[in-house]
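Dear colleague,

My notes on what was found follow below.

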Amino acid sequence: MSIITGLQERRAIRNYDGRDVEDDKIRQLLEAATWAPNDRLREPWTFYVVKGEAKERYNQLAEEFLQDRFPTKPHLIESSLKVVLSTPVHIIVTSDIVPDDPDATKDNVFAVSCAIHSMWLAAHDLGLGFVWRTRGVGLVHDERLHRFIGSPENKQIIGNLFIGYPDPESLAKLKTPARTPYEEKTVWLDM
């Protein structure tokens with residue numbers, strides 16, 4: 001598969017068939033991430049792989065979050081929990097905060113975003129479904145997730161990656177999304 005084809009075929013896969021993801025494939029995703037471009041080779045990422053008993057604790061955390069956030073919307077809670085419970089592995093990704101250097105801290109976020117995207121393309125190549133969550137059940141903006149990973153100092157959470165083998169029925173329903181032609185989003189400054 002060419003890189004351009006991989007970019008065009010990449011999709012957010014939110015529904016999984018329940019099979020466990022092999023540790024070898026998780027390692028391949030993590031290896032792909034480490035090749036992302038990063039300013040001054042700071043390699044500002046840390047990955048927290050959540051499976052097994054930790055996954056059970058995450059499921060409870062997600063349920064608490066949903067109950068607190070949507071107390072009057074039981075159907076939303078139920079549908080969101082279904083997604084969480086069917087996801088076999090999460091990888092929570094942080095970016096280093098550089099004290100007293102907001103520009104380096106911002107550059108680190110960009111690098112970690114590239115690392116996550118590299119993982120996404122690798123997941124597609126490995127036959128895995130992948131979605132980068134930042135809101136809702138991803139809990140990225142909730143302090144409970146930071147505590148869940150041990151409250152590491154000078155780290156900010158950039159994403160919670162939901163990874164699994166795609167559910168075949170959901171995969172068959174995916175459509176190729178329309179994209180705005182680049183010509184409508186590009187200004188050539190060659191004058």
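Which elements do the buried residues of α4 pack against? In this predicted model, they pack against α3 (52-69) and against the strands β2, β3 and β4. The residues concerned are I77, S80, L81, V83 and V84, and because they cover an arc of only 155° around the axis, they lie on the same side of α4. On the other side of the helix, P74, H75, E78, K82 and L85 are exposed. An α-helix has 3.6 residues a turn, so residues three or four places apart point the same way. The length of α4 (residues 74-86) also agrees with expectation, because its 13 residues should span 18 Å at 1.5 Å a residue, and its end C-alpha atoms are 18 Å apart.

Turning to the sheet, 4 strands form an open, antiparallel arrangement in the order β1-β2-β4-β3. Since β1 (45-50) and β3 (129-133) each have a single partner strand, they stand at the edges, so one side of each is left without a neighbour in the sheet. The twist from one strand to the next averages 25°.

β1 pairs with β2 (residues 89-96) over 6 antiparallel bridges, and V49 stands opposite I91 in β2. Helix α2 (residues 23-33) packs on the sheet, where it touches β1, β2 and β4 (155-164), and its direction makes about 165° with that of β1.

β3 is mostly covered, as 4 of its 5 residues are buried.

With best wishes

Methods: Residues numbered from 1 in each chain as written. Predicted model: local features only at pLDDT ≥ 70, side-chain atom pairs only at ≥ 80, totals over all residues. Heavy atoms only, no water. Pairing = 2+ DSSP bridges. Helix = DSSP H or I, 4+ residues; strand = E, 2+ residues; numbered from the N terminus. Axes fitted to C-alpha atoms, helices over the stretch in contact; angles between N-to-C directions. Contact = heavy atoms within 4.5 Å. Buried < 20%, exposed > 50% of the residue type's maximum accessible area, 1.4 Å probe, protein only. Expected span 1.5 Å × (residues − 1). Arc of directions from axis to C-beta.
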